[in-house]
Amino acid sequence: MSDDLAALQSETEAAIAAAADLRALDAVRVGALGKSGQVTALLKGLGAVPAEERKARGAAVNAVRQAVERALEARKAVLEEAALEARLAAERLDVSLPPRPHPPAGAESGAIHPIARTVEELTAIFGAMGFAVAEGPDIESDWYNFNALNIPGHHPARQDQDTFYLPPAHGAGFETVLRTHTSPVQARTMLSQEPPIRVIVPGRTYRADHDATHSPMFHQVEGLVIGRDITLGHLKGCLIDFLRAFFGIAELPVRFRASYFPFTEPSMEVDIGWDRRTGELGKGSDWLEILGSGMVHPKVLANCGIDPRQWQGFAFGMGIERITMLKHGIADLRPFYESDVRWLRHYGAPVLSPYTLHDAG
Ligand code: PHE
């Protein structure tokens, strides 16, 4: 190999070895093998070499080119490896680090309010049974709150649920009330969805009541199931499963007692077994009323545009404060709304703590 080739090769190899990163290496590649690179120039110059020397010269130049290519490849592999190592080191995630103390030293941890927690739990239980969550407004027209539910203007059931009437909205043509129950969302759902329907409606409700066990604002959860062949048996199975899952008592006694609501026929109140003296659920021989339910009245279906000869179903409504108080042994309703942090710290649920629910089956 002639001296000029040997010098070019060793210079280029030195430059390759000195390239600190992939970008510098590419600059060396372009300088040697690029369109106007030094090795390329030698290859292009072969045409001018006298014919008898051309073969040997060509072989020598090619050997330099191959040596440079190999050196470039090898250096590239080394630099790529180094770049990857650097990235791995920079993006390192130490999964063995201990978790942050909870709460962080010196800070207060928050808690989920027991009402919100109950809503999360019952949404999970009914969700597993295929129920979706529906919503409606707190300020409701008296048509949805009463008339649609088979409670006409003169009906005594209006007095049972005495509420707050608002001044009629300008030009609205109907009275507005703070809804007395979540049942108006039954009507809203039937008017806006085609059956079959399977929804629960957790939400705020209002009545003109105020004492140790009644608050003018409280919470209910409604349930509505409409299908072609939904029966009282489905109602019973669904509510028994829910109550046992929610209270975490596999054998919780549940009793269905004939009752009356204008919007269901037949209607049933549901009781659970407890010991009145100790307050223990599932023990003793006393019964505690816990919710109202029944088969949706054909008039309600018709009021909401559903043909009662083709469709039937059940509905239920229950007080969220009530089941929360029973589940957690909370004796007084008022602290639910007083924002006393000592009470919240005691009865609140830790954020993101898993539910420990009996299998809803
Ligand atoms: N809306 C009723 C109440 O507030 C409860 C209920 C709902 C009863 C659905 C039957 C069916 O008392």
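The lining of the second largest pocket comprises five nonpolar, three polar and two charged residues (Ala, Val, Leu, Ile, Met, Phe, Trp, Tyr, Cys and Pro count as nonpolar, Asp, Glu, Lys and Arg as charged, and the others, Gly among them, as polar). The model is predicted, with local features requiring pLDDT of at least 70 and side-chain atom pairs pLDDT 80 or more, while totals for chains, interfaces and linings use all residues. Residues are numbered from 1 along each chain as its sequence is written, and side-chain values use heavy atoms, leaving out hydrogens and water.

A pocket is an open set of points on a 1 Å grid over the protein atoms alone, where a 1.4 Å probe fits, with protein on both sides within 12 Å along at least five of seven lines; lining residues have an atom within 4 Å of a point. The largest share of its lining, three residues, is from α12 (helices, H or I, of at least four residues and strands, E, of at least two are DSSP runs, numbered from the N terminus).

The largest pocket has a volume of about 1,100 Å³. Of its 40 lining residues, Arg-207, Phe-218, Gln-220, Glu-289 and Gly-319 are the closest to its centre. β10 gives the largest share of this lining, six residues. By class, the lining of the largest pocket holds 17 nonpolar, 15 polar and eight charged residues.

Conventions: Points joined across faces, edges and corners; volume = space filled by probe spheres on them.
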